[in-house]
Amino acid sequence: MTKIIQTTCPYCGVGCGIKAKVNAEQHRLHISGDSTHPANFGRLCSKGSALGETIQLTNRLLQPRVYGRETSWMEALDLVANTFSEVIAKHGQDAVAFYGSGQLLTEDYYVANKLMKGFIGSGNMDTNSRLCMSSSVAGHKRAFGSDTVPNCYEDYEHAELIVLIGSNAAWCHPVSFQRIRAAKEANPALKVVVIDPRRTASCDIADLHLPLASGSDAWLFNGLLAYLYEHNALDVDYIAEHTQGFSKALGSTKHTLYSIEQIAEHCQLSVQDVQCFYEWFTSTNKILSLYSQGINQSSSGTDKVNAIINCHLATGKIGKIGSGPFSLTGQPNAMGGREVGGMANQLAAHIEFSDVDKVARFWNAPHTTKQAGLTAVDLFDAIHEGKIKAVWIMGTNPVVSLPNADKVKRALANCEFVVVSDCIANTDTTALAHVLLPAQGWSEKDGTVTNSERRISRQRALFKPAGVAKPDWWIITQIARRMGFETEFNYQNPVDIFREHAALSGFENNGQRDFDISAYAKISATEYDQFQPTQWPVNTQYPQGRARFFADGQFFTPSGKAQFIAVTPRLPVNQPTANYPLILNTGRLRDQWHTMTRTALAAKLNQHKPEPFVEIHPSDAAQYGVQANGLAHIESQWGSMIARVQLTENKRGIVFVPMHWTAQYASHGRMGALVNPVCDPISKQPESKHTPVRIRPYTPVWQGFILSRRELKITDVDYWIKSKNDGFYRYELAGETLPDDWRDCVRKNLCNSAAENSQWQDYQDSAKGIYRAAQLLNEQLETVIFIAADHHLPERSWLSSLFTKAELTKAERMALLTGSPPVGGANVGAIICACFNIGEKTIKAAIKENNLTTHQQVGQCLKAGTNCGSCIPEIKALFGVQT
Amino acid sequence: MKDQKQKLVVIGNGMAGMRTIEELLSAVPDKYDITVFGAEPYGNYNRIMLSAVLAGDKTIEDIVINNRQWYIDNHITLHAGAAKAVISIERGIQKVIAKDGTTADYDRLLIATGSKAVVPDVVGNDLDGVISFRDIFDVNKMLAYSRSHKKAVVLGGGLLGLEAANGLVLRGMGVTVIHNNAVLLNRQLDKPAGQLLQTELEKKGIKFKMAAKLSSLVGDENNHITRVQFEDGSELDCDLFIMAIGVRPNIALAQQAGLYCERGIVVDDTLQSYDPSIYAVGECIQHRGDTFGLVAPLFEQAKVCANHLSAHGVAGYITLPTATKLKVTGIHLFSIGDFQGDTRTESLIFSDPALGIYKKLVLKNNKLVGAVLYGDTADGSWYQELLEQETNIATLRDGLIFGKTYAESIA
């Protein structure tokens, strides 16, 4: 029996609707895009498409654990509640903290915030959204008096100029990017400008790429404001009627730089490119500025956000069809978290601390904190200093994701009481928990999320919970009740919470606050179940929701007018030095999500980039002696990592590493250990895109890989990477010492050593340091290992394909240790299209054979690039290398 | 006209001698009056196929290279049979004399008397039922025994011994091979390959007594062998004892004629002996210190010798590494050159014991100097080519062991 359930993707902030075909008996799931959902109209990216592969019980946390032992909910909840109560009694309410996640549903988030801020009475509830969105929040509030996203996705199809600033939407918000690509294909007049130090996949559709100096965005936009002024491109009436502070803001642009030449020089851009961008911005009517972590993750992120918003206010291009500044949120429910006050400097329902009594009265919580709590980096510093003695981490992995992550690890290791509620059993953070509480995963829980365009959608349970996993809201309310707040947390289901949340949004609002969904204050359980995606506000004035804000010039500041912010651009705090001469930039990959706890479960998502890597300019690589495909140590003042070197023709002086790898999947892949713990003074968002580092070759005496049908316990290997694949696990390895005998070593430690009747194939060229072996069991490939003196190893793709075969042919068996198919056979090459599992060589062959010239033709021929489309840039790149 | 022709006499109607004649006829058909003496009563046959005859894969007719008609057609006088065995070379008058008194004068003499089996120096080596495996006579004897007797013992785990053992097993005898080394075919195989071979032969029913030292052969009252005794005191029952511990150049006649011999008849690079009118080819010769037991160099000698006999006189014989194959159905092995290696060589080794495959290539200064292939010999000739041509294999190295097609595809 299958049934179809509409739900929402749990990954990025695009918030795509999903049509889930559920087979509950077999615990199987077929995912497709929901063609009725306004965020995606049926499109899904590679990650969303692979959700069906992440619902397995492998590595699920199925039972509460207390000090390493499995126990009942009763004992675990009692222990957490009692310990928190004791710590508060002894050290005060600020000795405890919650650290939440943009993965939590709005209802979960609401009760967590209510408990900490309203009833424990501390502001110490922060969230990983701090790492992601807080500069946008702060920028919005300074300019609009509220954390309001003025525009919506529909504007992609109306804009005439789309500016992507610090956003690799092609990989990080793939479905939005596909909409933009489609809009551009439908309307070739639509221009796309990408502003990013890196030449990312998003540049594939760019008419202009501005590879500006890392952190110089505010100069560029201050310069734009001055240019708009000088070229009489201002909306003088809008400025006069609906804004304040324009002349001060304009004045600040004069203080910094005068001419395009100076701006170009400062941003390390060509004068022509800057001129071109400014001219387009001046001459185009409908302009959408999409910005993301490249802007937000900065010690001047808030100012950068305002420098962008200033340009839109000055031209009146805000909240209009096709025009406005548009923050792309990173997480599925970062927006929902902001609505319920998930961050330490927020209260619920966009109510300011100045109005705290409203919240206190609504909740009947007289002890509601009157001041903001500690924000992420400060919060973990306080744990490190012993000021916070008990912390509850909900659905996030700060040991990986926070800056100076080794310090975070030490902080938790020394913390008196660490509680982690998560759906995953083994993460770098759960490893340090005293109490583990099994939370329901995406496919099991019920509630709402809000995407980047303020659209509230339902996530719906598809399956029964795994083990005794519970919803986060249930866990939190159980603790709250045990801490003495029985009646205030007497919710029976998510809709009870949602109603209260909606009611609070309307409480003494009177149009003063942007966030108002009071129309749902009495929503029935059935209506909640049938809830269709809707953009807030939803109230008497906007019963069907509202697509855009501010075209009418009505803002939520005390004066009702938007505020220009005078921005004095600042360089990133830590500049490169002789000792740390390079800048480390960090970011997402196409096929992984955050700390890989779920995406790494899906075999097909591990093929695109199977190993942590560092992108470096060839000249920098030469200068620092690192080789393409070799390994390199990257070190900052705070920590170090090892990554595979990839040469890219990006700006010199900047290296890039992906943010995803954890100690679960890599021995030395945690980039968070290097990132400087420097924050924006207003938003407190860390400067994760800019840390001075140095690089040097890592030269192990051997390198190799293992593909194994079974998960192996790799110990005593200096460098290792693990990834799950279709029917096998892949290990990339390197070592600083050679074993006495590879044959013995492999048979004892690096294979399925318990297997009886296994057959072995060995190849050894000892003088060259080459050892290869294959273990076969019942005519099937069980393990294959390739060792070399350096990184010159064959591709893994053909060997990988053998794990799905019931039996190897003689020819295949004889070719095993070459790593390539029997000559004449097909080797698909590195996987380009993760959705259809199509490799580089297959695509190249098709291009050559059929004289294909466009990615659309490749799509017709092979289906590659026709689902999520995020591999299109890579497909297009293959046209160039044919000859 | 005929009287003007030079006279060429050949002693030995075997493979080396007749290959030389074939080469000579194709170069200068009319240069010589040719007379051939052979101690066996046949035309010329392929001695290396005797194993196949023993195993039943071939008949004697199948292995005949040149029947008597061929000699007639080519105007060659053939004296074949035991009575025609040459017993004396009168170098002073350039004449040979056979047992029955037949004589022939020569201008040029070609000695191709081959080799004799090495007889172990143990008590009982002259018993009935103790034979070698050299010619059709031996094969017929073995076949006769196999019809009436059960227990054969083969002394020598070399190529010939193993082929004899295989043939006798196929003919229904129980066979034990005695070998003085722990590794079978230790002149051609290293230990892993030798073990694979032993396993495979054991599956065929051959038993082995390895690293064994023979002490004596014991006969019955009729002077027929019944038991084999070993130094460690153990014994084996035995009806037929095959000696296959190698061959020795058959140089009795040459020595008696006063030709300079060491282990073999010493020849130069033109296959000429110390007597300018006498040439020698095949297993009876010694060239630059080497003696020969395999067919490939013999054919090369035949070519060079014919070149000189035909007075073209431009070829020089060089001993190339010789590849070895074992003629046992279903067993593929190939060995060439310095397959053991030493401290100055590097080895590439591939093994898949379950498939019965083992390969080892020995390299020195980026050149292939030796190879052992067991189970998969498809690329043997390519390796031989690389070895003989001293090809620099640096770019082929990573693919070398996986064969020509693959290696060249990645080089």
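**Note on a predicted model with chains A and B**

1. In chain B, β15(B) and β16(B) make a hairpin in which 5 residues lie between the two strands, and Asn223(B), in the turn, has a positive phi of about 65°. The antiparallel strands β15 (residues 214-219) and β16 (residues 225-230) of chain B are joined by 5 bridges, where two strands are said to pair if DSSP finds at least two bridges between them. Leu217(B) has Val228(B) of β16(B) opposite.

2. This is a predicted model, in which local features need pLDDT of at least 70 and side-chain atom pairs count only at pLDDT 80 or more, while totals for chains, interfaces and linings use all residues. Residues are numbered from 1 along each chain as its sequence is written, and chains are lettered from A and ligands numbered from 1 in the order in which they are written.

3. β16(B) takes part in a further hairpin, with β17(B), in which 4 residues lie between the strands and Gly233(B) in the turn has a positive phi of about 95°. The antiparallel pairing of β16(B) with strand β17 (residues 235-237) of chain B rests on 3 bridges, and Arg227(B) has Asp237(B) as its bridge partner in β17(B).

4. As for chain A as a whole, its secondary structure comprises 29 helices and 34 strands. Its radius of gyration is 27 Å, close to the 29 Å that the globule rule gives for 883 residues, so chain A is as compact as a globular protein of that length; the radius is taken over C-alpha atoms, and the rule is 2.2 Å times the number of residues to the power 0.38. The C-alpha trace of chain A spans about 80 × 65 × 55 Å along its principal axes.

5. Of the 883 residues in chain A, 61% are buried, where buried stands for 20 or more other C-beta atoms within 10 Å of a residue's own, exposed for 12 or fewer, and partly exposed for values in between, with C-beta atoms placed from the backbone. Among contacts in chain A with a separation of 6 or more, 72% are between residues 24 or more positions apart; a contact requires C-beta atoms, placed from the backbone, within 7 Å.

6. Where the chains meet, 10 residues of chain A are in contact with 14 residues of chain B. On the chain B side, β24 (346-352) and α12 (404-410) each supply at least two residues, and the largest share, 7 residues, comes from β24(B). The residues on this side of chain B divide into 7 nonpolar, 5 polar and 2 charged, counting Ala, Val, Leu, Ile, Met, Phe, Trp, Tyr, Cys and Pro as nonpolar, Asp, Glu, Lys and Arg as charged, and the others, Gly among them, as polar.

7. Strand β30 (residues 759-765) of chain A pairs with β24(B) in the antiparallel sense over 4 bridges, and Asp765(A) stands opposite Leu348(B).

8. The buried residues of helix α17 (residues 376-384) of chain A include Ala376(A), Leu379(A) and Phe380(A), and the elements covering the buried residues of α17(A) include β6 (96-100), β14 (390-394) and α19 (405-414) of chain A. Gly386(A), which follows α17(A), has a positive phi near 85°.

Note on methods: Two residues are in contact if their C-beta atoms, placed from the backbone, lie within 7 Å.
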